[in-house]
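Here is a friendly walk through one model, in questions and answers. Have a look at the structure first, and then we can start with a ligand.

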Amino acid sequence: MKKASDTLKKLNRSVVPAAKWLPHESVPWVIAGPCSAESLKQMLATAKGLVKSPHVKAFRAGTWKPRTRPNTFEGVGAVGLDWLQAVKDETGLLTTTEVANTEHVELCLKSGVDILWIGARTTVSPFSVQEIANALRGVDIPVLVKNPINADLGLWLGAIERLFDAGIRKLAAIHRGFSTYVETEFRNQPNWQIPIELKRRLPSLPLICDPSHIAGNRPLIEPVSQMALDLGIRGLIIESHIHPEEALSDAKQQVTPKELCRLAARLKARDTALTDRELKGHIARLRAEISQVDSKIIEDLAERMKWVEEIGRLKQEHNIPVLQITRWENLLGDHLDKAVKAGLDPEFVKTVFEIIHAQAIKRQL
Ligand code: PEP
Ligand code: MN
């Protein structure tokens with residue numbers, strides 16, 4: 001049995017740089033196009049708008065769509081591959097689509113799709129990933145691996161390793177965020193520490209950010225893209241539709257080609273001297289940790305309020321006053337002791353808990 005760490009070392013040594021299979025002059029380099037292929041007209045109109053940006057180097061469109069619920073649009077199927085070919089003929093952009101099984105792989109190879117991607121719902125399944133890897137044995141094609149839906153670095157690494165073991169050397173990882181049960185501003189939580197850890201383990205593996213699926217809405221696409229660039233990620237995959245509101249899937253998160261070209265031009269890539277970049281990378285990593293803690297604080301506050309409301313119901317049922325002053329005094333005293341031990345300013349902690357307590361009272365009224 002090979003050791004997993006040996007595979008990673010070998011992978012890191014032999015993975016092909018992105019510039020070799022997706023030539024680009026500037027950072028960020030962008031893969032753009034609709035969530036789903038819908039018609040030849042939609043594909044061509046979108047691609048002709050996108051190719052105007054010097055950043056856009058490849059065109060994406062899902063032909064088979066893994067939808068959460070049945071009876072929604074599940075993609076146009078193989079005919080979308082002909083439309084991808086038409087896009088390539090008209091614009092010169094490289095093409096990419098999602099594959100989830102052997103049949104998809106065979107059809108894509110036959111129709112000359114340039115790059116394949118594995119979707120988040122497939123990365124979670126080692127059987128499916130292995131099936132795709134087997135179908136690709138002996139084929140020299142770039143494969144992009146989206147992170148699994150759940151925040152599991154092992155599954156992500158595992159999928160990448162399976163492809164590598166099948167001989168694929170043009171590999172990249174796509175960070176598209178992770179689903180959680182908590183409602184946040186993001187459709188999928190970025191959990192930046194996971195792509196950062198992937199980068200630490202496989203520094204040579206090209207990493208691409210998918211701000212569209214992280215954000216789930218148009219306004220957040222730009223800040224998420226900039227955050228990715230600030231972390232040192234150089235490639236982006238962004239959804240774009242000629243008429244976003246009419247899109248058959250992911251309508252809320254697609255931008256027009258014009259908007260995408262402008263957005264790409266506004267992004268600031270961090271490409272200064274190495275030492276400087278290292279420093280900035282370090283700062284960005286620390287910021288990611290801080291954002292992570294902040295998200296946790298928000299989740300914890302939400303959970304605290306949930307318990308508070310439950311207590312509130314109980315107090316009401318038993319006719320007990322909402323404000324229990326001794327409990328509040330004891331709680332504050334305990335928290336201040338803990339704060340001092342943790343090296344925090346007790347005045348600061350007192351202010352924070354006074355606000356939390358006031359909100360808790362409000363929730364029980
Ligand atoms: C997509 O790219 O449209 C898609 C289905 O993405 P994911 O697999 O990340 O959900
Ligand atoms: Mn999509």
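Q: How many Å separate an oxygen atom of ligand 1 from an N or O atom in the side chain of R60?
A: This is a predicted model, so the distances here are computed from its atoms. A polar contact needs a pair of N or O atoms within 3.5 Å. For an oxygen atom of ligand 1 and the side chain of R60, the separation is 2.8 Å.

Q: What is the distance from an oxygen atom of ligand 1 to an N or O atom in the side chain of R176?
A: The residues surrounding ligand 1 include K146 and R176. An oxygen atom of the ligand is 2.8 Å from an N or O atom in the K146 side chain. For the R176 side chain, the value is 2.6 Å.

Q: Which residues are the protein donors of the manganese ion (ligand 2)?
A: Along the chain, the donors follow the spacing C-x177-H-x25-E-x10-D. They lie 2.1 to 2.4 Å from the ion, and they are C35 (SG), H213 (NE2), E239 (OE) and D250 (OD).

Q: How many residues apart in sequence are the parts that H213 and D250 tie together?
A: Both H213 and D250 are donors of the manganese ion. H213 lies in helix α10 (residues 211–215), while D250 is in the loop between β8 (235–239) and α12 (257–266), so the pair links parts whose separation in sequence is 37 residues.

Q: Is K57 buried or exposed?
A: K57 has its place in strand β2 (residues 56–60). Its relative accessible area is 19%. Buried means under 20%, so K57 counts as buried.

Q: Which side chain does a polar contact of 3.2 Å join to that of K57?
A: Leaving out residues up to four places away in sequence, K57 touches L22, P23, H24, E25, V30, L93 and L94. From this list, the polar contact of 3.2 Å joins the side chain of K57 to that of E25.

Q: What covers the buried residues of α3?
A: In helix α3 (residues 40–50), the buried residues are Q42, M43, L44, T46, A47, G49 and L50. Their cover includes α12, α4 (79–91), β1 (29–33) and β2.

Q: How far from the ring centre of W307 is the charged end of K306?
A: Another charge placed over a ring is that of R169, which lies over the face of F164 at 3.7 Å from the ring centre. The charged end of K306 sits over the ring of W307, and its distance from the centre is 4.8 Å.

Note on methods. Residues are numbered from 1 along each chain as its sequence is written. Chains are lettered from A and ligands numbered from 1 in the order in which they are written. This is a predicted model: local features need pLDDT of at least 70, side-chain atom pairs count only at pLDDT 80 or more; totals for chains, interfaces and linings use all residues. Side-chain values use heavy atoms; hydrogens and water are left out. Helices (H or I, at least four residues) and strands (E, at least two) are DSSP runs, numbered from the N terminus. Buried means under 20% relative accessible area, exposed over 50%, partly exposed in between (1.4 Å probe, protein chains only). A polar contact is a pair of N or O atoms within 3.5 Å; within protein, one must be able to donate a hydrogen and the other to accept it, and residues adjacent in sequence count only if both atoms are side-chain atoms. Contact means heavy atoms within 4.5 Å. A charge sits over a ring if NZ of Lys or CZ of Arg is within 6 Å of the ring centre and within 35 degrees of the ring normal. Donors are N, O and S atoms within 2.8 Å of the metal (3.2 Å for Na, K and Ca); water is not among the atoms, so sites may look incomplete. A residue is near a molecule or strand if one of its heavy atoms lies within 4 Å of it.
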